Amino acid sequence: MFGAIIGDIVGSRFEFDDHKSKTFGLFGNDGIMDIPCEYTDDSVMTVAAADALLNREMQEDDDTFKKRLVEKMHYHGRKRLNAGFGTLLYRWLKDGSTAAYNSWGNGSAARAAPAGWAAHSLEEAERLAGLTAEVTHNHPQGIRGAQAVAAAIWMARRGKDKEAIRKYIEQKYYPNAFLKSLDEIRPDHAFDESCQGTVPVALEAFYESNSFEDALRNAVSVGGDSDTLADIAGGIAEAYYGIPDLIRSEAMAFLDDEMREIVVRFKEKYQK
């Protein structure tokens, strides 16, 4: 699931300043802009979901898991409230709320990667992703986006090719969503915080990629909500290609000690 976090870090500096090109320094230092790369709310919530799954027991009921997930989201989120949370999630964290707020935002899809790795079957990946979404994003589109991402990750790590992944996602989640190439999408694409406006574009960035790094560059080059687009594309690309060691080590330096420890533990338990 570290691929999602890496995508978030890479895309972070372009979130509000489109760079509609694949040419840029992956982690900055390229003279394009002075804004540094950093992890954002997407990474924080991905870590929270991973932390909750690390403590999941066999045959655990869904309500128990969701309760622990909410606790982990509050714990990690409130320690890192300056990570760029949207208004609704920021308020949910700060107030210590436990009630979902019917969001269709793309944050549910951005934190779905751990579910795709922790699951033992495609059906379980979709169920777990739905649970990670519905504690806040209980709108059908919020749940659908998370499930589509987790399903793509589960299929990719099980060796399914891109055409099989595309066909499954299109038939079950986003019919007629993949009719345009990135070159056709890019000129008019603008910031869109919805799952339905983000997940298909991030998937297309993965479909048209030839490596993990290329998937991130594709996602950023579209413009708009670049950190979330690259987060989703990166999570799927990790499952399909793996992460180059140099990119992994560079990205680790952006995380705090606690986040690094959870990433390492998750990899040891679910990603061997």
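**Close-up views of a predicted model**

The second largest pocket has a volume of about 170 Å³. This is a predicted model, in which local features need pLDDT of at least 70 and side-chain atom pairs count only at pLDDT 80 or more, while totals for chains, interfaces and linings use all residues. Residues are numbered from 1 along each chain as its sequence is written, and side-chain values use heavy atoms, with hydrogens and water left out.

**View 1. The lining of the second largest pocket.** Among the 13 residues that line the second largest pocket, Ala177, Lys180, Ile185, Pro200 and Val201 lie nearest its centre. A pocket here is an open set of points on a 1 Å grid over the protein atoms alone, where a 1.4 Å probe fits and protein lies on both sides within 12 Å along at least five of seven lines, and lining residues have an atom within 4 Å of a point. Helix H11 (residues 195–207) gives the most to this lining, with 4 residues; helices are DSSP runs of H or I with at least four residues, numbered from the N terminus. By class, the lining of the second largest pocket has 7 nonpolar, 3 polar and 3 charged residues.

**View 2. The largest pocket.** About 670 Å³ of space lies in the largest pocket, where a volume is the space filled by probe spheres set on the grid points, which are joined across faces, edges and corners. Its lining is made of 33 residues, and those nearest the centre are Asp41, Gly84, Phe85, Gly86 and Glu193. Helices H2, H4 (87–95), H5 (107–110) and H13 (226–241) each supply at least two residues of this lining, which by class holds 12 nonpolar, 11 polar and 10 charged residues.

**View 3. Aromatic pairs.** A search of the whole structure finds 10 aromatic pairs, a pair being rings of Phe, Tyr or Trp (its six-membered ring) whose centres lie within 6.5 Å, with planes under 30 degrees apart counted as stacked, over 60 as edge-to-face and the rest as tilted. Phe27 and Phe254 form a stacked pair, 5.5 Å centre to centre with 25 degrees between the planes. Because Phe27 lies in the loop between helix H1 (2–11) and H2, and Phe254 in the loop between helix H14 (245–252) and helix H15 (257–270), the pair ties together parts that are 227 residues apart in sequence. Phe27 is buried, with a relative accessible area of 12%, whereas Phe254 is partly exposed at 26%; buried means under 20% relative accessible area, exposed over 50% and partly exposed in between, with a 1.4 Å probe and protein chains only.

**View 4. Arg56 and its surroundings.** Arg56 lies in the loop between helix H2 (41–54) and helix H3 (62–79) and counts as buried, at 17% relative accessibility. The side chain of Arg56 makes a polar contact with that of Glu124 at 3.2 Å, a polar contact being a pair of N or O atoms within 3.5 Å, of which, within protein, one must be able to donate a hydrogen and the other to accept it, and residues adjacent in sequence count only if both atoms are side-chain atoms.

**View 5. Asp30 and its polar contacts.** Asp30 is found in the loop between H1 and H2, and at 25% relative accessibility it counts as partly exposed. The side chain of Asp30 makes a polar contact with the side chain of Arg13 at 2.5 Å, and the side chain of Asp30 also reaches the backbone nitrogen of Ile32 at 3.0 Å.

Definitions and conventions. Nonpolar A, V, L, I, M, F, W, Y, C, P; charged D, E, K, R; others polar.
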